[in-house]
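Please look over the following notes with the structure open beside you.

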Amino acid sequence: MSIPFLKGHGTENDFVIVPDPENTLDLTPAAVAALCDRRSGIGADGVLHVVRSAAHPEAKGMATAAEWFMDYRNGDGSIAEMCGNGVRVFARYLQHAGHVTEGDLTVATRGGVKTVHIDKAGDITVGMGRARLPEGEVTVSVGDRTWPARNVNMGNPHAVAFVADLADAGDLHTAPPFSPASAYPEGVNVEFVVDRGPRHVAMRVHERGSGETRSCGTGACAVAVATARRDGADPAATGDPATYTVDVPGGRLVITERPDGEIEMTGPAVIVAEGEIDAEWLESAVR
């Protein structure tokens, strides 16, 4: 037996895409981790399990709003609520497979139903929903240095710290410690941010369950919101949208927060390969 797969990336945040419309595959955490292993597997930051919403118990309630469910898994096999770059790549796969065309569509995620627009020029814009800004002081640390961080929730948790140099983030091989522990009971994505110019920043990120990645879509949104508030910009108060350019190691994303609180993320998404997973290898890899 073999299992079809594709490989894609959004600003070099890369994914193994596993089409499974009727949800027949048992993608265990060990199987996902084996697929994402960069030496013994295909290699990726995560897996995009493509399932019809009606066929997945977690998405049945969204089936009338979105035909397709992005069952996203982190590289270590853990389940994540959302992945912004993943949604763009997921939409590109649906277009590649002929399920959708250019224009508007919806995608069900554990973070809710997301609106997507596939532009004729190639970029994909995702409606990322509203950011929540939980109260309370948070800090993150690298070595013996500690910075205050902004707590931003984009359907998944983020801690955004402004630093003088992106090298201050260290190697990001392990998750930066944070405090208090009660702020993020299930862990957190940590972004380190520097200024590049007016409404232009750059970031590095440690993604919960994946380590440092080349890009993080929800992280870029969290960074844009945190930077806007630092700059005194609140679209809900001023009535004017706030747009920030966010450079990530793998490219560039453009984030707009509208006066109604909705956040839009625009960036590229590319399918680079497709093939078949050897089912016997996968079975042996998870024993």
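1. In this predicted model, α5 gives the largest share of the lining of the largest pocket, namely three residues; helices (H or I, at least four residues) and strands (E, at least two) are DSSP runs, numbered from the N terminus. β1 (2–10) and α5 are the elements that give two or more residues to this lining.

2. The largest pocket has a volume of about 230 Å³, and its lining includes Met1, Ser2, Ile3, Ala31, Ala279, Leu282, Glu283 and Val286. By class, eight of the lining residues are nonpolar, two are polar and two are charged.

3. The second largest pocket holds about 150 Å³ of space. Among the residues that line this second pocket are Ala33, Cys36, Asp37, Arg38, Arg39 and Ser210, and its lining divides into three nonpolar, two polar and four charged residues.

4. Helix α1 spans residues 29–36, and within it Ala31, Val32, Ala34, Leu35 and Cys36 are buried, that is, under 20% relative accessible area with a 1.4 Å probe and protein chains only. The cover over these buried residues includes β2 (13–19), β3 (46–52), β4 (68–74), β18 (270–278) and α5 (279–285).

5. Residues are numbered from 1 along each chain as its sequence is written. Because the model is predicted, local features need pLDDT of at least 70 and side-chain atom pairs count only at pLDDT 80 or more, whereas totals for chains, interfaces and linings use all residues, and side-chain values use heavy atoms, with hydrogens and water left out.

Terms used. Buried < 20%, exposed > 50% of the residue type's maximum accessible area, 1.4 Å probe, protein only. Contact = heavy atoms within 4.5 Å. 1 Å grid on protein atoms, 1.4 Å probe; cavity = no way out; pocket = protein on both sides within 12 Å on 5 of 7 lines; lining within 4 Å. Points joined across faces, edges and corners; volume = space filled by probe spheres on them. Nonpolar A, V, L, I, M, F, W, Y, C, P; charged D, E, K, R; others polar.
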